[in-house]
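Trainee: I have a model open and would like to talk through how its parts sit together. Could we begin with the terms?

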Amino acid sequence: NQSAKPNAFSFSIVIDTWAKSGEKGSAQHAEDLLNRMQTMYNVKPNKINFTVVIEGWAKSRDTNAAQKAEDLLSKMEYLYKQGNQKVK
(Lines give C-alpha, C1' and ligand atoms only; values in the text may rest on other atoms or scores of the structure.)
Protein backbone atom coordinates (compact mmCIF):
# COMPACT_ATOMS: atom_id res chain seq x y z
CA ASN A 1 0.00 0.00 0.00
CA GLN A 2 1.78 3.10 -1.27
CA SER A 3 -0.15 5.47 1.02
CA ALA A 4 1.27 3.70 4.10
CA LYS A 5 4.88 3.99 2.90
CA PRO A 6 6.95 6.33 5.09
CA ASN A 7 8.26 9.50 3.46
CA ALA A 8 10.82 12.15 4.40
CA PHE A 9 8.24 14.01 6.49
CA SER A 10 7.20 10.99 8.55
CA PHE A 11 10.84 10.05 9.13
CA SER A 12 11.55 13.65 10.09
CA ILE A 13 9.04 13.52 12.93
CA VAL A 14 10.49 10.35 14.43
CA ILE A 15 14.12 11.42 13.88
CA ASP A 16 13.37 14.77 15.54
CA THR A 17 11.78 13.04 18.52
CA TRP A 18 14.81 10.81 19.04
CA ALA A 19 17.33 13.59 18.49
CA LYS A 20 15.66 15.81 21.09
CA SER A 21 14.83 13.11 23.62
CA GLY A 22 18.03 13.53 25.61
CA GLU A 23 18.21 9.80 26.25
CA LYS A 24 21.58 8.10 26.15
CA GLY A 25 22.24 6.98 22.58
CA SER A 26 19.43 9.10 21.14
CA ALA A 27 21.64 10.84 18.57
CA GLN A 28 22.91 7.48 17.31
CA HIS A 29 19.36 6.17 17.13
CA ALA A 30 18.34 9.24 15.12
CA GLU A 31 21.26 8.68 12.75
CA ASP A 32 20.35 5.01 12.40
CA LEU A 33 16.84 6.05 11.35
CA LEU A 34 18.32 8.50 8.85
CA ASN A 35 20.33 5.64 7.33
CA ARG A 36 17.38 3.26 7.40
CA MET A 37 15.15 5.67 5.51
CA GLN A 38 17.64 5.49 2.64
CA THR A 39 18.48 1.81 2.66
CA MET A 40 15.20 0.16 3.61
CA TYR A 41 12.66 2.56 2.14
CA ASN A 42 14.64 4.31 -0.61
CA VAL A 43 13.52 7.69 0.75
CA LYS A 44 15.93 10.50 -0.06
CA PRO A 45 16.76 12.48 3.06
CA ASN A 46 16.43 16.24 2.96
CA LYS A 47 18.32 19.02 4.71
CA ILE A 48 15.85 18.97 7.60
CA ASN A 49 16.43 15.26 8.25
CA PHE A 50 20.20 15.79 8.32
CA THR A 51 20.09 19.01 10.31
CA VAL A 52 18.00 17.45 13.07
CA VAL A 53 20.46 14.56 13.45
CA ILE A 54 23.44 16.94 13.41
CA GLU A 55 21.73 18.97 16.11
CA GLY A 56 21.13 15.78 18.09
CA TRP A 57 24.85 15.01 17.97
CA ALA A 58 25.68 18.59 18.95
CA LYS A 59 23.55 18.28 22.08
CA SER A 60 24.73 14.81 23.00
CA ARG A 61 27.50 14.13 25.47
CA ASP A 62 29.07 11.51 23.25
CA THR A 63 32.83 11.88 22.95
CA ASN A 64 32.61 11.35 19.17
CA ALA A 65 29.73 13.80 18.66
CA ALA A 66 31.71 16.46 16.80
CA GLN A 67 33.15 13.91 14.39
CA LYS A 68 29.72 12.32 13.83
CA ALA A 69 28.22 15.74 13.05
CA GLU A 70 31.03 16.55 10.63
CA ASP A 71 30.66 13.16 8.95
CA LEU A 72 26.97 13.87 8.36
CA LEU A 73 27.80 17.25 6.86
CA SER A 74 30.27 15.55 4.52
CA LYS A 75 27.60 13.02 3.59
CA MET A 76 25.21 15.87 2.76
CA GLU A 77 27.84 17.43 0.50
CA TYR A 78 28.42 14.08 -1.21
CA LEU A 79 24.71 13.48 -1.77
CA TYR A 80 24.31 16.98 -3.18
CA LYS A 81 27.14 16.38 -5.63
CA GLN A 82 25.44 13.12 -6.60
CA GLY A 83 22.28 15.03 -7.52
CA ASN A 84 20.17 15.09 -4.36
CA GLN A 85 18.97 18.69 -4.46
CA LYS A 86 16.98 18.18 -1.25
CA VAL A 87 20.10 18.39 0.92
CA LYS A 88 21.16 21.84 -0.28
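This is a predicted model: local features need pLDDT of at least 70, side-chain atom pairs count only at pLDDT 80 or more; totals for chains, interfaces and linings use all residues.

Trainee: Okay, so is Asp-16 buried, exposed or partly exposed?

Mentor: Asp-16 has 23% relative accessibility, so it counts as partly exposed.

Trainee: And which side chain meets Asp-16 in a salt bridge?

Mentor: That is Lys-20, with a distance of 3.1 Å from N to O, and Lys-20 is exposed, at a relative accessible area of 54%.

Trainee: How many salt bridges turn up in the whole structure?

Mentor: A search finds two, and one of them joins the side chains of Lys-59 and Glu-55 at 3.0 Å, again taken from N to O. These residues are four apart in helix H3, so about one helical turn separates them. Lys-59 is exposed at 60% relative accessibility, whereas Glu-55 is partly exposed at 32%.

Trainee: Switching to the helices, how do H2 and H3 cross?

Mentor: The axes of H2, residues 26-39, and H3, residues 47-59, come within 8 Å and cross at roughly 160°; angles over 145 degrees count as roughly antiparallel, and H2 and H3 are therefore roughly antiparallel to each other. The crossing of H2 past H3 is left-handed.

Trainee: Which residues make the contact?

Mentor: H2 contributes Ala-27, Gln-28, Ala-30, Glu-31, Leu-34 and Met-37, while H3 contributes Asn-49, Phe-50, Val-53, Gly-56 and Trp-57.

Technical notes
Residues are numbered from 1 along each chain as its sequence is written. Side-chain values use heavy atoms; hydrogens and water are left out. Axes are lines fitted to C-alpha atoms, for helices over the stretch in contact, and angles run from 0 to 180 degrees between N-to-C directions. Helices (H or I, at least four residues) and strands (E, at least two) are DSSP runs, numbered from the N terminus. Angles under 35 degrees count as roughly parallel, over 145 as roughly antiparallel, 65 to 115 as roughly perpendicular and the rest as oblique. A crossing is left-handed if the near helix is turned anticlockwise from the far one by less than a right angle, and right-handed if clockwise. Contact means heavy atoms within 4.5 Å. A salt bridge is a side-chain nitrogen of Lys or Arg within 4 Å of a carboxyl oxygen of Asp or Glu. Buried means under 20% relative accessible area, exposed over 50%, partly exposed in between (1.4 Å probe, protein chains only).
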